[in-house]
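Subject: Structure handover

Hi,

Here is the structure I promised to pass on. Please have it open while you read the notes below.

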Amino acid sequence: MARPFRFGVNLMSPAPADEWRVKCRRAEELGYDVILAPDHLGMPAPFPALVAAAEATERPRLGTFVLNAGFWNPALLAREVATTDALTGGRLELGLGTGYVQAEHETAGLPWGSPGERVDHLRRTVEELERLLDSQGRQPQPVQKRVPLLIGANGDRMLRLTAEYADIAAFTGARTRDGGVLEPIAAEELDERVALYRKSAAGRAEPAELNLLVQIVTVTDDPGAAIQPWLSHIPHLTERQVLELPVVLVGTLDDIVERVLAQRDRFGFSYLTVLEPNMEAFAPVIARLRET
């Protein structure tokens with residue numbers, strides 16, 4: 001039986017306290033299950049942003065989507081996780097990734113390293129967090145017995161790491177180009193990525209929840225016109241190829257709902273995350289899917 005849907009929104013724009021709380025309450029009103037904060041320079045600091053979101057809302061869970069592991073010392077991160085989980089009443093979900101923007105690490109005066117070194121650091125961070133958060137008598141302590149762990153991945157080693165540790169496997173639906181630009185991948189390549197993950201996760205006692213980060217959402221009767229502003233950013237793809245990308249949901253409300261259901265059947269994606277600019281546009285899709 002298909003896993004029930006969950007929907008998250010990644011709030012990326014800094015705002016004063018009152019505006020931030022209004023934005024979080026609006027996400028709750030629209031039916032989002034998870035309010036998320038990214039971990040990029042120039043965007044809100046994730047943990048205080050989530051504590052403020054918890055104060056403004058009652059139902060949604062709160063998550064990082066995703067922390068750049070290279071920004072964090074594991075011992076200090078464990079303190080942040082435990083404190084934030086306590087202050088949000090046990091609503092925290094911890095999202096981790098390697099980071100993909102070299103310029104941010106350089107600006108912060110932090111080492112960038114090779115792809116292999118970044119994956120190694122993420123593995124050490126995950127292993128140390130599990131040890132520290134499970135230590136009896138260590139203060140502060142999280143409220144939850146286990147803070148759910150989400151790992152964002154696309155590469156082979158990252159998918160195997162995700163299969164080993166993550167409660168939520170988050171697929172970027174993209175590869176990273178030079179300069180930290182995300183290049184979306186076609187459905188056939190995503191099939192192969194999901195298949196590798198499933199093979200690596202075959203021995204799990206409990207299956208993980210599968211997440212997809214949706215990049216573009218537009219409810220429209222003219223998808224061709226709606227996608228035009230994006231074509232220059234993906235010049236190697238035709239209009240039709242862009243509209244067929246798994247991370248693109250453009251079309252009528254009925255078409256998008258049908259597409260989301262089909263992608264859950266095909267890939268197993270039951271947890272969808274949209275970006276803040278798409279929060280309002282995706283809300284009718286949430287409402288319709290709640291009825292199915």
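R26 is partly exposed, because its relative accessible area is 32%, between the 20% and 50% cut-offs. Please keep in mind that this is a predicted model. R26 forms a salt bridge with E29, and the closest N and O atoms are 3.4 Å apart. Both residues belong to helix α1, which spans residues 17–29. They sit 3 residues apart, about one turn of the helix. E29 has 60% relative accessibility, so E29 counts as exposed.

Next, a pair that joins two elements. R175 and E189 meet through their side chains in a salt bridge, at 2.4 Å from N to O. R175 is in strand β8 (residues 174–177) and E189 is in helix α7 (residues 187–200), so the pair ties together parts that are 14 residues apart in sequence. R175 is partly exposed, with a relative accessible area of 30%. E189 counts as partly exposed too, at 28% relative accessibility.

The side chains of E93 and R6 form a salt bridge, 2.8 Å from N to O. This pair links distant parts of the chain: E93 is in strand β5 (residues 92–97), R6 is in strand β1, and 87 residues separate them. E93 and R6 are both buried. Side chains of opposite charge can pair when their charged atoms come close. The count for the model comes to 22 salt bridges.

Strand β1 brings us to its neighbour in the pairing. Strand β1 (residues 6–10) pairs with β2 in the parallel sense, over 3 bridges. V9 has I35 in β2 as its bridge partner. Which way do the side chains of β2 (residues 34–37) point? V34 and L36 point one way, while I35 and A37 point the other way. All four are buried. In a regular strand the side chains alternate between the two faces of the sheet.

Last, the surface. Which residues form a negative surface patch? They are D221, D222, E239, D255 and E258. D221 is placed in the loop between β11 (216–219) and α8 (223–231). Is D221 buried or exposed? D221 counts as exposed, because its relative accessibility is 74% and the cut-off for exposed is over 50%.

Over to you.

Best wishes

Notes
Residues are numbered from 1 along each chain as its sequence is written. This is a predicted model: local features need pLDDT of at least 70, side-chain atom pairs count only at pLDDT 80 or more; totals for chains, interfaces and linings use all residues. Side-chain values use heavy atoms; hydrogens and water are left out. Patches are made of residues with over 30% relative accessible area and no salt bridge: like charges are joined within 9 Å, nonpolar side chains (Val, Leu, Ile, Met, Phe, Trp, Tyr) within 5 Å. Accessible areas come from the Shrake-Rupley method with a 1.4 Å probe; for residues, only the protein chains shown count as cover. A salt bridge is a side-chain nitrogen of Lys or Arg within 4 Å of a carboxyl oxygen of Asp or Glu. Lys and Arg count as positive and Asp and Glu as negative; His and the chain ends are not counted. The place of a charge is taken as NZ of Lys, CZ of Arg, CG of Asp or CD of Glu. Helices (H or I, at least four residues) and strands (E, at least two) are DSSP runs, numbered from the N terminus. Buried means under 20% relative accessible area, exposed over 50%, partly exposed in between (1.4 Å probe, protein chains only). Two strands pair if DSSP finds at least two bridges between them.
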